[in-house]
Amino acid sequence: MPDNARPPAPNVKPPEEFSFIPSDWVDWKSGFSQYHMLAQLDRQSEEYQANSLLYIMGQRANQVVATLDLTAAEKKNYTRLMEALDALYKATKNTVYDRAKFFRRSQQPGEPAAEFIMDAKKLATPCEFGDLKDSLIRDIIILGIRDEALSQALVLDATLNLEKCVDWVLNAEQVSQSSPAAREGNGNGNGQEVHKVKVPFKKNQRPFQQNKQKNWKCKYCGGPE
């Protein structure tokens with residue numbers, strides 16, 4: 001096999017259909033570019049690649065392409081078509097939508113804190129927060145974590161910055177997961193600590209005697225009551 005030859009194209013799953021929301025374009029294009037390389041679409045003609053792009057984008061793709069200032073030949077040229085889509089979706093950036101996604105983010109049940117924090121930082125990137133970026137990410141972490149006690153404690157720290165906030169959240173989760181109660185919870189499947197039930201009994205009385213029924217005698221006949 002020649003040095004520049006590549007193995008046959010593997011069975012690669014394409015990305016999901018594009019949402020046609022401008023702020024999602026960069027991420028979707030990145031996923032498609034990976035698919036384009038792994039599926040070795042570049043071995044195909046420009047027209048084949050262009051049709052593959054539109055097919056994977058979804059049903060609305062042809063409607064969008066019809067609005068582009070492209071000739072019929074350019075619409076069949078993958079390179080030219082991708083350039084036009086880049087220009088379209090990057091030009092129609094919606095900061096309001098980006099910020100809405102950011103401010104609505106919260107830690108989901110079962111989601112590790114590290115994943116929540118990483119996604120919060122990612123969502124903040126297109127929001128154009130400027131110098132407020134780190135402080136707003138910090139605030140979303142404080143408000144979005146599922147540990148309410150930790151959230152309340154973080155709010156009381158007037159010197160809290162993003163780095164310190166992240167350290168607190170990650171360390172708290174690690175301690176929580178390594179605690180005896182958490183390990184016991186992993187064993188019984190409900191995550192709750194099992195407590196012993198204490199039954200009170202009288203002084204100088206043996207525990208097994210507390211349920212023993214007393215034999216009362218009738219004061220009139222002397223028989224059992």
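A crossing of two helices is left-handed if the near helix is turned anticlockwise from the far one by less than a right angle, and right-handed if clockwise. These legends describe a predicted model, in which local features need pLDDT of at least 70, side-chain atom pairs count only at pLDDT 80 or more, and totals for chains, interfaces and linings use all residues. Residues are numbered from 1 along each chain as its sequence is written, and side-chain values use heavy atoms, with hydrogens and water left out.

**View 1. Helices α1 and α2 cross in a right-handed sense.** The axes of α1 (residues 25-38) and α2 (residues 46-57) come within 12 Å and cross at roughly 130 degrees.

**View 2. Residues of α1 meet residues of α2.** From α1 come Trp 25, Trp 28, Phe 32, Tyr 35 and His 36, which meet Gln 49, Ser 52, Leu 53, Ile 56 and Met 57 of α2 (contact means heavy atoms within 4.5 Å). Sorted by class, this contact holds seven nonpolar, three polar and no charged residues.

**View 3. Gln 107 sits in the loop between α6 (95-103) and α7 (113-124).** Gln 107 is buried, at a relative accessible area of 10% (buried means under 20%, with a 1.4 Å probe and protein chains only). Leaving aside residues up to four places away in sequence, Gln 107 touches Pro 112, Ala 113, Phe 116, Gly 144, Ile 145, Arg 146 and Glu 173.

**View 4. The side chain of Gln 107 reaches the backbone of Arg 146.** Here the distance to the backbone nitrogen of Arg 146 is 3.1 Å. A polar atom of the Gln 107 side chain also lies 2.8 Å from the backbone oxygen of Glu 111.

How values were computed. Axes are lines fitted to C-alpha atoms, for helices over the stretch in contact, and angles run from 0 to 180 degrees between N-to-C directions. Helices (H or I, at least four residues) and strands (E, at least two) are DSSP runs, numbered from the N terminus. Ala, Val, Leu, Ile, Met, Phe, Trp, Tyr, Cys and Pro count as nonpolar, Asp, Glu, Lys and Arg as charged, and the others, Gly among them, as polar. Buried means under 20% relative accessible area, exposed over 50%, partly exposed in between (1.4 Å probe, protein chains only). A polar contact is a pair of N or O atoms within 3.5 Å; within protein, one must be able to donate a hydrogen and the other to accept it, and residues adjacent in sequence count only if both atoms are side-chain atoms.
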